Amino acid sequence: MSETRMSETESLLEKIVFGLRAPILLVVVALSIFFGYQVFDIEVDSNLKKMVPLGHDYIRNFFRHRDDLSLGNDIRIAVENTQGDIFDKDFLEILRQVSDEAFYLPGVDKGRMKSLWTANVRWSEVDVDGIRGGEVIPPEYDGSPAALEQVRQNVLKSDHLGVLVADDLRSAIIYLPLIEFDEDSLDDDKKIDYKLLSEQIETGIRDRFESEDVKIHVIGFAKKIGDLIEAVKGVLVFFVAMLLITFHLLVLDSRCVRSAAVIIVGAVMAVVWQLGIVTLLRKAMGEFRQGELWRALIEQYPTLEPIQFGIDPYSMLVPFLVFAISVSHGVQYTNEMMTRVAQGESDMTAARNSFRTLFVAGLLALISDAIGFVTLWFVDIGVIRELAITASVGVAVIIFTKLVFAPVVMSYIGVSPAAVRHRQQKTQQVNPVWPLIAGLTTRPAAVVSLLLALVLAAAGWYFRQDLQIGDLDAGAPELHPDSRYNRDNAFITANYSVSADVLVVMVETAPMQCSGYPVLSRIDRFMGHMENVAGVDSTASLVTVAKHVVTGFNEGNMKWSSLPQVPAILNGSMIYLPAGFTNVACTLVPVFVFLDDHRAATLERAVQAVAAFARENDSNIARFVLASGSAGVEAATNQTIAEAQLRILLLVYGVVGVMVLLSFRSWQSVVCIVLPLVLTSLLCEALMALLGIGVKVATLPVIALGVGIGVDYGIYLYAKLMRFLATGMDLRSAYRETLRTTGRSVVFTCLTLSLSVGFWIFSGIKFQSDMGLLLTFMFLWNMVGAIWLLPVLASFVLPKQQDAPKLPAISATPPG
């Protein structure tokens, strides 16, 4: 776009905005009320499908067999006797009451529930007459010492030690498999309400039965999601605290309450609009899902299925970013207007001139922000794609609520006399730091700075070599290690032979062939293969049950712990098969591979071992298919993140570089603005490695967001620098004037952005805390890099003063 056409566009926009001030304000108020009303209908979305990469082969296989078997969505409630073992009359009575209460929890598959008090938990032993057994707690149990001793003996004879009863005999587990409802159904009765389930566990079980003598420990995917939803309630407190602190900082910086109020109101308005539009999108999506067009679309693009525009723990970062970006734009507009009023312009004239100066450049900056968000769409995980859409919506509303709303309101109310006097005093003062930084443009200082930047880049590259893909913490990595859920998980892992990290390999067979010797012998070899892989603790499958039963039929002699080739004997062992080891059609056998942890290296070794065995042994008899279980889902997510990491990084830098090139029409601008961002990205990845933060669903968006928003510092400073160079100044003088006029605003904007996301460091959700820490680091370092390295690079790549480039056809724009 030529300078003439751009000026004509600005002139037309200016006439429309300031010629229709009253109608614009009425429209803004009306839309704010409308969107505010919609916000009350916002919903928390915990859909499992949006958390996983639906396009990955592992996940497609998982959902293809989801109706055949229950593959891991369950709850385990461990009831602990802190005063002794479980063979106590009072404790067993409490265990019975907890078991009865758990039976009526919503979503529980009552027929498959297991507890020492349920009839399907049995013991067996081999004696001279064959195999005999019964219920672990028999119907005639009366709590007498003899009955308690009988229960003890039954537990020791059963297979439930380490599974339903702790290895130290001081606690017992109530196992609650959940019925798999359709999470995409619009009928609430067909969904598992994780929030309600978690609340009933807390109020109906933990609060009711926990005491000094009895402790309750609960784990499971549904409970973890419920705890995440509970932790999200603290986000509102963070937002209010951020709002109040930002308002006070604005007043301290400008000495103008009215302009600070306009900035805050405009920022809150942007958040309300963004949340209201997202709520409307969710309602529209609900209607759209009812039609045939949606079904046809999903058949063509199945990865779009989980997008429902509900609020989740990941997308809750977006309102904070929208608020911060809106505040930063408002700060720059009010600062520009105050400067003009201090120079003698009227409120209306200053408002119009500020609008003329900042609108187009501000629009370009917002487009740059949006690009950082849009690149996230190319990650095949629903929650990240929703983040990309909702954040882009937030940037779009800022264009109207801040670039239009603020100028119109400020043209009415103006700035206070105290603010004008404060600005005049500040203009006369000289910050001693700015001339020192401007001195970096001299060749000796520039060489030293460049060498220091190269040292930092080399150090960042060195430490980032330890950066890993995936979660690195034990337990639920979404929550802090000292969270109640992870303490419960640590207790159960330490006291039971149950690993929370389970890789389920699905063995597909011909109909009614799953229990035949040809299939089971292959599964037996596969289990032996996997048990020799580093990081694999143990395995279990239909073969495990068959060997155990055959051994029992032969007086418990372990020499018989093998698969018989005689069909009659093998079929006889299937009589005692528990639920969950095959499907009804006998076409699927799950093999449970219990892992030591869910670190990326462990998961990758396990899935590579499965893939290697499958390549050599798959046939029309049996196919070994990956993957289900918590470890299977994490392995698929890690592989998707690993594939997307470099692509997203190159994409966001490529697009930002093109935007800078189009804006300033010089390759020097790309070098001066983009290279400091690259240093920040390297240092951020090094920080992640040092802090033990892996690249995962929560942290992958950080780089794109940090680059997309952080580039505005460089755009702002470089645009100002070019204007001063165009007047004939040398580089050092031009940069000194750039910092004198804009340095304070850049620093204040950086603090505002950092403060907005910095509150997340105190979140009860660990990945939100990680995102807040990393984004705060990137915003701060992007500012440092822009102020420090931009003049250093400019001293090497910009032509001499007499050949300085002409002023580009954009205006200075607010960072963020």
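How many of the 28 residues of α26 are buried? The count is 20, and this helix is mostly covered. The model is a predicted one, and the values below are computed from it.

Helix α26 spans residues 731-758. A straight helix of its 28 residues would reach 40 Å at 1.5 Å a residue, but the end C-alpha atoms of α26 are only 35 Å apart. The helix also has a bend of about 55 degrees, located at Thr742.

Helix α25, made up of residues 700-726, gives another picture. Its 27 residues reach 40 Å from the first C-alpha to the last, close to the 39 Å expected at 1.5 Å a residue. The rest of the structure largely encloses α25, because 25 of its 27 residues are buried. After α25 comes Gly728, which has a positive phi, near 105 degrees.

Next come the strands. Strands of a sheet pair through backbone hydrogen bonds, in either the parallel or the antiparallel sense.

Glu508 is placed opposite Arg623, a residue of β9. Strand β9 takes in residues 623-628 and is mostly covered, with 5 of its 6 residues buried.

Side chains of opposite charge can pair when their charged atoms come close. Taking a salt bridge as a Lys or Arg side-chain nitrogen within 4 Å of a carboxyl oxygen of Asp or Glu, the structure has 24 of them.

One of these salt bridges joins the side chains of Asp100 and Arg96, at 2.8 Å from N to O. Both residues belong to helix α4 (residues 89-103), where they are 4 residues apart, so about one helical turn separates them. Asp100 is partly exposed at 36% relative accessibility, and Arg96 is also partly exposed, at 27%.

A second salt bridge links two helices. Glu202 pairs with Lys223, and their closest N and O atoms are 2.9 Å apart. Because Glu202 is in helix α6 (residues 194-209) and Lys223 is in helix α7 (residues 221-231), this pair ties together parts that are 21 residues apart in sequence. Both Glu202 and Lys223 are buried.

Glu345 is partly exposed, with a relative accessibility of 22%. Arg340 has a relative accessibility of 17% and counts as buried, because the limit for a buried residue is under 20%. Salt bridges with shared partners also build one network out of Glu202, Arg206, Lys223, Asp227, Arg484 and Asp488.

A last stop is Val272, a residue of helix α9 (residues 257-288). Val272 has a relative accessible area of 23% and is partly exposed. Leaving out residues up to four places away in sequence, Val272 touches Ser32, Phe35, Gly36 and Val39. How far apart in space are Val272 and Leu31, C-alpha to C-alpha? The distance is 9.8 Å, while 241 residues of sequence lie between their positions.

Definitions and conventions
Residues numbered from 1 in each chain as written. Predicted model: local features only at pLDDT ≥ 70, side-chain atom pairs only at ≥ 80, totals over all residues. Heavy atoms only, no water. Buried < 20%, exposed > 50% of the residue type's maximum accessible area, 1.4 Å probe, protein only. Contact = heavy atoms within 4.5 Å. Pairing = 2+ DSSP bridges. Expected span 1.5 Å × (residues − 1). Bend = angle between axes of the 7 residues up to and from the residue.
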